[in-house]
Amino acid sequence: MRSGGRFPDVPSTGSRTTHLDGTMSELVPGGNLPLPGGSVTVRVPGPFDVSALVTDDSGKVRGDADFVFYNQPSAPGARLHGDTLTVDPTRLRHGATRVTVVVSPADPGTPLGRLPAPTLHVTGPGGRAIARFAPPRPRQETVLLLAEIYRRGDGWKLRALGQGYADGLAGIARDFGVDVVEDATPPPALSTPTPPAVGAPPTPTARPAMHTLSAVAAPPVTSADPDGFLGLVNSARARAGSPTVALDARLATAAQAHAAAMAAAGRLGVEGRDGVSVYQRVTATGYAYLTVGEHLVSGPRTPAEFVAYCLRTEQPSRTLRDPAFTHAAVGYVRGGPSGDTYWTALWARPLTPEGLSRTVAEVVGLTNRERAGAGLPPLAVDPALGTAAQAYSADMAARAFYSHTSPEGSRPWDRAAAAGSRMRTIGENIACGQRSPAEVVEGWMNSPGHRANILKRDFTYIGIGFAGGGPAGTYWTQLFGA
């Protein structure tokens, strides 16, 4: 079981001055900037396929015409030519509020980590360079959400994303409500291939021909329950008045992989001998979570014995019955070096926009309650600070680091400025490992430096970030401004 969490020794506070000189912007994940009127082009040079998804406020596509890719290179307001996508927001279909730019390897068998890092170049009318975005180098991901063009009020903005999917189009299907059907067989090869001319570029690998894209809700990713684990768990949850949980195949894959890693090492641990945490195994399957719990146990011989052990032990019993969880899975491996059976049970609730909004609101509410108790005015939520905080939590989780300074050297005020904030004073609290808003705010308040940021009279605005994954499981960011 995981308990407690981590806080950096010293919170980060500082001031900055913003200079707006009209030059091209270098974006960081979460950074955004307003777009000029008219068409804009986004280009990703290199051995990549560029595609785009057109969505409305629901974040879902409506049908085939909302997907722009190499077999369907145009849609109202969007046109793909080679590595360049041209978007005219005024010509998008009725109700469209967002265009998400997607990049994947031109050769479907090559992971992004083996290719040069994709770089997004954005130009406006007349070919004027507007922005450049070089996301963190992908690793096991096969598809990358690179950026989005979205409506804000009467105008349009560009936001850098850098969100990867290890499970390719299946992951996108879950998030955007699409169903992509690919050819089961490759096109027939020529009987006598013609060698390329000297100096000519190599012939590209044939890509799957995607026939249809339907606006359907992605079905639940379920798994079989041959050992009766789900029935045992839901019976105990029913007795406690908690809703049932469903098995999820992604969680089952992660649980089995982690059980195997513990068996190979001959010891229990959140991190395996391969250096991968159980939380990283979960996110690698494409399951993004809002909250997660785990039981790591050795000894029981059957799922019934494992569940019985959990129910007679205080903390595992609370987790098993926790009404916050909606999905569960178990994996076990017999016959490690010690001859024991190693078990990993996972409990999770998936990350949704609504769930993330509730979590953010709860952190803000708890923070303002602490300020009220000290006789201070409440902090107002600032969108730019929220964007920067969310991007930084996601970056720490994705790249497995934990510091006020990013691997590239950016500091909190740099990230706030890149997200569009014009505030002159910035403060930041970060934490990792906490399971809930209440736990993370309590931890910050118990740390003198972090408490000072929360209760600083000069601060008037706040932004919150949360992400799951990485070695610690959860990463939290509070960004303050004045």
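1. A residue is called buried here when its relative accessible area is under 20%, exposed when that area is over 50%, and partly exposed in between, with a 1.4 Å probe and protein chains only. By that criterion Pro303, Phe306, Val307 and Cys310 of helix 5 are buried. Viewed down the axis of helix 5, these buried residues fall within an arc of 95 degrees (the arc of the directions from the helix axis to the C-beta atoms), so they line one face of the helix.

2. On provenance, this is a predicted model, in which local features need pLDDT of at least 70 and side-chain atom pairs count only at pLDDT 80 or more, while totals for chains, interfaces and linings use all residues. Residues are numbered from 1 along each chain as its sequence is written, and side-chain values use heavy atoms, with hydrogens and water left out.

3. The protein chain has 11 helices and 24 strands, where helices (H or I, at least four residues) and strands (E, at least two) are DSSP runs numbered from the N terminus. Of the 482 residues in the protein chain, 47% are buried. Among contacts (heavy atoms within 4.5 Å) between residues at least 6 apart in sequence, 72% join residues at least 24 apart.

4. The cover over the buried residues of helix 5 includes helix 2 (229–239), strand 18 (289–298), helix 6, strand 19 (327–334) and strand 20 (341–350). The axes of helix 5 (residues 303–311) and helix 6 (residues 314–321) come within 6 Å and cross at roughly 110 degrees, which makes helix 5 roughly perpendicular to helix 6. Axes are lines fitted to C-alpha atoms, for helices over the stretch in contact, and angles run from 0 to 180 degrees between N-to-C directions; those from 65 to 115 degrees count as roughly perpendicular, those under 35 as roughly parallel, those over 145 as roughly antiparallel and the rest as oblique.

5. At this crossing, Val307, Cys310 and Leu311 of helix 5 meet Pro316, Ser317, Leu320 and Arg321 of helix 6. By class, the contact of helix 5 with helix 6 has 5 nonpolar, 1 polar and 1 charged residues, with Ala, Val, Leu, Ile, Met, Phe, Trp, Tyr, Cys and Pro taken as nonpolar, Asp, Glu, Lys and Arg as charged, and the others, Gly among them, as polar.

6. Helix 6 also packs against helix 2, at an angle of about 90 degrees and with the axes 9 Å apart, an arrangement that makes helix 2 roughly perpendicular to helix 6. Here Val233, Ala236 and Arg237 of helix 2 meet Thr319, Leu320 and Arg321 of helix 6, and the contact of helix 2 with helix 6 has 3 nonpolar, 1 polar and 2 charged residues.

7. An open sheet of 6 strands runs in the order 3-14-13-10-5-6 with antiparallel pairing, two strands being paired if DSSP finds at least two bridges between them. Strand 3 (32–34) and strand 6 (67–68) stand at the edges, each with a single partner strand, so one side of each is left without a neighbour in the sheet.

8. Strand 5 (residues 48–55) pairs with strand 6 over 2 bridges and with strand 10 over 8 bridges. Leu53 has Phe67 as its bridge partner in strand 6 and Thr100 as its bridge partner in strand 10. Strand 10 and strand 13 (residues 143–152) pair over 6 bridges, and Val103 has Leu144 as its bridge partner in strand 13. In strand 10 (residues 98–105), 7 of the 8 residues are buried, so strand 10 is largely enclosed by the rest of the structure.
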